Amino acid sequence: MSPLKRSNNFAARMGRWSANHWKTAVFGWLAFVLASFFIGNAVGTKYLDTNDSNVGEAARADKIIDAGFPEKAEEQGEVVLIQSATHTVKDPAFRTAINDVATTLDTFPKVQKLQSPLLPAHADQISDDKHAVMVTFAPKGDYDEAATYISTIEGAVDKVQGRHPGFYIDELGSVSTTRATDKAFGEMLAKVSMIAIPLTLVILLFVFGSAVAALAPLLLAVTAVFATIGLVSLPSQLIAVDEQIAEVILLIGLAVGIDYSLFYLRREREERAAGRGERAALEAAAATSGRAVLISGVTVMIAMAGMFLSGDKTFMSFSVGTMMVVAVAMIGSLTVLPALLAKLGDRVEKGRIPFVHRLRSKDGQGRFWGAILDRVLRRPLVSAIAATAVLVALTIPAFGINTAATGVDDIDVAEIQPVKKLEEAFEGGNDPALVAIKADDVRAEPVREAIAELKRQALASGQMNNPIEVETNAANTVATVDVPLAGAGTDSVSKEALATLREELLPQTVGKVDGVEYAVTGTTAADQDWSESMTKTAPLVFGFVLVFAFLLLTAAFRSVVVALKAIVLNLLSVGAAYGLLVVLFQWGWGEGLIGFDSNGGITPWLPMFLFVILFGLSMDYHVFILSRVREAYDRGLSNEQAVAHGIKTTAGVVTSAATVMVVTFAVFATMPIIDFKEMGVGLAAAVLIDATIVRAVLLPATMKLLGDRNWYLPKWLEWLPKLEHEGDARKAEPAPTGQPALKPAGR
């Protein structure tokens, strides 16, 4: 085989080097993946603390509390809930059960601050109906230390339950519940992976018709995810990451990793089917699909970078993880894949699946989408209007989108049931609003009287409940007041109670004392402040993504029209996905399907996350399709011929890539957590809409209507580099059926 010619195309040069040094590329990649894993284990990933993502007033309250109670920063809290349907706390049997729990807990040296509801000072740990009580304690050490022994205490509590069969006795808290739910979620995510990966393999087997060709993209994507999960430990030392970072990396890594490999491998196979030699086919794939992968990868990373502007630490960590996995998957596709293809050659077709090859068209053009496209191009105006009408109709509900924080009712796992029982017995649950009060002396009479008045007015409002507890630090400079709010903590009832506390009660009581600083934190307060912060920063994130995507696409395709149209089409895809989420989850039309009652809104973090992720991923298809269209246009075809050729030859691979994405995302929708259901449904729906209505109907229709105006570039931008195509690939490019052979570009 003759060596590949030198090119200014960076992707082509990467493919050429990898083909000539396949051992270095393949074994270097494996070494990189293993090194990433060992580095990740050695360094350790630093995760965000619970309050690290708080903003606004909640963050100010956290700082006051942390400064006044440094020992509480790592302190954990546990509750043993005791309930009876027939007995009340006044009955001897109930009191015996309470004493048994307290005595059992007191035998553990690691148990501190034990509080029994039978003591007068803790009578507020008895429910209003007297059928439930809380026995509370604080395990010694931080979470990591307490997690090592908490199961022993839980086992002892279970034995107490056995001694009192007529009572419900169970332990929950910041250690026991978190530990149990983390384990449950980990097992669920492992099941998701075990479902998604085999399903993806089945799809790829149908796409390629052979085992070797199907395994290559999947293995590349999985190793990219594996490496990134290890490598993310390095930036986590500077920017702590969310505990769900691994799931996000898996979600995005599988999607883009398989997409990029699919684009590359299908083009190489297509070139071989057209009669090119092995090395010439590889060169054509590297120079065309490889370049599209490079442009798409950079565009996706720019979109992900927009999350940094949110100012939210969770989004910033997602930005780091997604940018890393896209970069790793892109590099793997541009180096390892050509190396494997250079080594395997036509042996990549080994392990053929019977009958599958007969289902594919000989010219590589999808029959179904080809028929659709022919009709779209015959009636472009009608097609454009119809497609736009459908997308606008789907988008309209999005204008009424509301957000609602996830509560325990939105999580359907056995490990969360004790928390639900606690919230039913004690309105406001175990996570009340927490008022932080700072003064020179919080024991001074004016401050004490203000706190007492705050407690009185809170209970009188009917929006707040007992137990309202006050704690003062040793220096008497900071006090905290726990105020259970009415409602579930995330619903409108709790939000209204929080507004009353912040805007009326505190200014009328503590706020009237000179020299006193106060702020409110807690789950409800933190969610409210976070939502308000996101409302302010969302325009910055959206603007950044749109502007930089426009600039990059203009440079890549030398057309302001193509870039602007890409922005509009992607916005329509995202808007339609938003609309479906509102209909299914906010309006409640999908309650039977999703298995949850509607909580009246969408998870607060999801709209921005979906916009960034979907905008980046939809660019994969747009860049891939338009690269093929521009390639044909630059080689002499008319605009209509180039559009038809480009979309018909990419229809199969786009459909295949979209199917992989939809399946991967849809699997996440099976998880018993509303956040993941909304994310899975939103991503899957958007990709499906984008790959069908947008790319197969609206894109070709608008390109036909605009004609040569598609490629308009102002004269003052003529300095932009031209899309380069390799010489061998240009000469051998087959003409679409019934169309003239491609001519050298002379436009």
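**Close-up views of a predicted model**

The model contains 14 aromatic pairs, a pair being two rings of Phe, Tyr or Trp (its six-membered ring) whose centres lie within 6.5 Å. The model is predicted: local features need pLDDT of at least 70, side-chain atom pairs count only at pLDDT 80 or more, and totals for chains, interfaces and linings use all residues. Residues are numbered from 1 along each chain as its sequence is written, and side-chain values use heavy atoms, with hydrogens and water left out.

**View 1. Phe94 and Phe167 form an edge-to-face aromatic pair.** The ring centres are 5.2 Å apart and the planes make 70°; planes under 30 degrees apart count as stacked, over 60 as edge-to-face and the rest as tilted. Phe94 belongs to helix α4 (residues 92-106), whereas Phe167 lies in the loop between α6 (150-163) and β4 (168-173), so that the pair links distant parts of the chain, 73 residues apart. Helices (H or I, at least four residues) and strands (E, at least two) are DSSP runs, numbered from the N terminus. Phe94 is buried, with a relative accessible area of 0%, and Phe167 also counts as buried, at 8%; buried means under 20% relative accessible area, exposed over 50%, and partly exposed in between (1.4 Å probe, protein chains only).

**View 2. Val89 lies in the loop between β1 (78-83) and α4.** Val89 counts as buried, at 6% relative accessibility. With its neighbours within four places in sequence left aside, Val89 is in contact with Phe94, Arg95, Ile98, Leu118, Ile126, Lys130 and Val133, contact meaning heavy atoms within 4.5 Å. Val89 and Val300 are separated by 211 residues in sequence and, C-alpha to C-alpha, by 60 Å in space.

**View 3. Phe544 and Phe548 form a tilted aromatic pair.** The centres of the two rings are 4.6 Å apart, with 35° between the planes. Phe544 and Phe548 are four residues apart in helix α19 and are therefore separated by about one helical turn. Phe544 is partly exposed, at 23% relative accessibility, and Phe548 is partly exposed, at 37%. Elsewhere, ring pairs link Phe37, Phe38 and Phe226 into a cluster.

**View 4. Four strands form an open antiparallel sheet in the order β6-β7-β5-β8.** Two strands pair if DSSP finds at least two bridges between them. The edge strands, β6 (469-472) and β8 (517-521), each pair on one side only. From one strand to the next the twist averages 20°. Strand β5 (residues 433-438) runs antiparallel to β8 and is joined to it by five bridges; Lys438 stands opposite Glu517 in β8. Helix α18 (residues 492-508) packs on the sheet and touches β5 and β8, its direction making about 165° with that of β8. Axes are lines fitted to C-alpha atoms, for helices over the stretch in contact, and angles run from 0 to 180 degrees between N-to-C directions.

**View 5. Strands β6 and β7 form a hairpin with five residues between the strands.** Four bridges join β6 to the antiparallel strand β7 (residues 478-483), and Thr472 stands opposite Ala479 in β7. Asn476 is in the loop between β6 and β7, where this residue, other than glycine, takes a positive phi near 60°. Asn476 is partly exposed, with a relative accessible area of 25%.

**View 6. Helix α19 (residues 523-557) and helix α22 (residues 606-634) pack at an angle of about 10°.** The helix axes are 12 Å apart. The helices α19 and α22 are therefore roughly parallel to each other; angles under 35 degrees count as roughly parallel, over 145 as roughly antiparallel, 65 to 115 as roughly perpendicular and the rest as oblique. Among the residues that meet across the contact are Met534, Val541, Phe542 and Leu553 in α19, and Met608, Phe611, Phe615 and Arg630 in α22. The residues of this contact divide into 16 nonpolar, two polar and one charged; Ala, Val, Leu, Ile, Met, Phe, Trp, Tyr, Cys and Pro count as nonpolar, Asp, Glu, Lys and Arg as charged, and the others, Gly among them, as polar.

**View 7. Arg558 lies in the loop between α19 and α20 (560-586).** Although not a glycine, Arg558 has a positive phi of about 50°. Arg558 is buried, with a relative accessible area of 8%.
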